[in-house]
Amino acid sequence: MAVVGRRHGLKAGRWIALLAGVAWTLPNSLLGVLAGLACVPWGARPEWRRRDLALGFRCMPRIGSGGALTLGNVILYSCEQLDTPCFTYAHRAGHRQEPCISLADHERAHVFQYMVLGPLFLPLYAACGGISAGNRFEQAADRYALQRSGWWPWPAT
């Protein structure tokens, strides 16, 4: 009986943390929802992405071929399927040869980052170099997509 109680307690704790993260990044998510809904007349289609803890808008115009943008718990992407292979930022920048990663895994890391940093995410992302191979947020997202761990952009020490 005590083991079951501990399991449910852990589950409840995870739900509380999840809900707190969703609430904390809500302003960012609202921007994503507005952008996605604004593009529905041009072909964007919403879908719930349970594994990514996000609302996705697929077939987004103006993001580029196979590109994606995460805003809070919303992932905007230009392709039909988010679970598509793509190159890491370091690979595309010519820094090193790396295998393809899943775009969904990369964007999921950004969802996690947003849920911890909330409204601080965008200013910190910009301060770290914006969309570039040198940005620690992009490096962490690529690492997470390659290894399924390590989505936090700063060392744990």
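Is arginine 96 buried, partly exposed or exposed? Select arginine 96: with a relative accessible area of 47%, this residue is partly exposed (buried means under 20% relative accessible area, exposed over 50%, and partly exposed in between, using a 1.4 Å probe and protein chains only).

Before moving on, a word about what is on your screen. This is a predicted model, in which local features need pLDDT of at least 70 and side-chain atom pairs count only at pLDDT 80 or more, while totals for chains, interfaces and linings use all residues. Residues are numbered from 1 along each chain as its sequence is written, and side-chain values use heavy atoms, with hydrogens and water left out.

**Stop 1: the partner of arginine 96**

Glutamate 98 and arginine 96 form a salt bridge whose closest N and O atoms are 2.8 Å apart (a salt bridge is a side-chain nitrogen of Lys or Arg within 4 Å of a carboxyl oxygen of Asp or Glu). Glutamate 98 counts as buried, at 15% relative accessibility.

**Stop 2: a hairpin**

Next, select residues 45-49, which are strand 1, and residues 54-58, which are strand 2; the two pair in the antiparallel sense over 5 bridges. Strands here are DSSP runs of E with at least two residues, helices are runs of H or I with at least four, and both are numbered from the N terminus. Two strands pair if DSSP finds at least two bridges between them.

Look across from tryptophan 48 and you will find leucine 55 in strand 2. The hairpin has 4 residues between its strands, and leucine 53 takes a positive phi near 55°.

**Stop 3**

Arginine 58 is partly exposed at 22%, and glutamate 47 is partly exposed at 24%.

**Stop 4: helix 4**

Finally, select helix 4, residues 103-117, where aspartate 105 and arginine 108 are 3 residues apart, about one helical turn. Their side chains meet in a salt bridge of 2.7 Å, N to O. Aspartate 105 is buried at 2%, and arginine 108 is buried at 3%. Salt bridges that share partners join these two into one network with others, including Glu47, Arg58 and Arg148. The structure holds 10 salt bridges.
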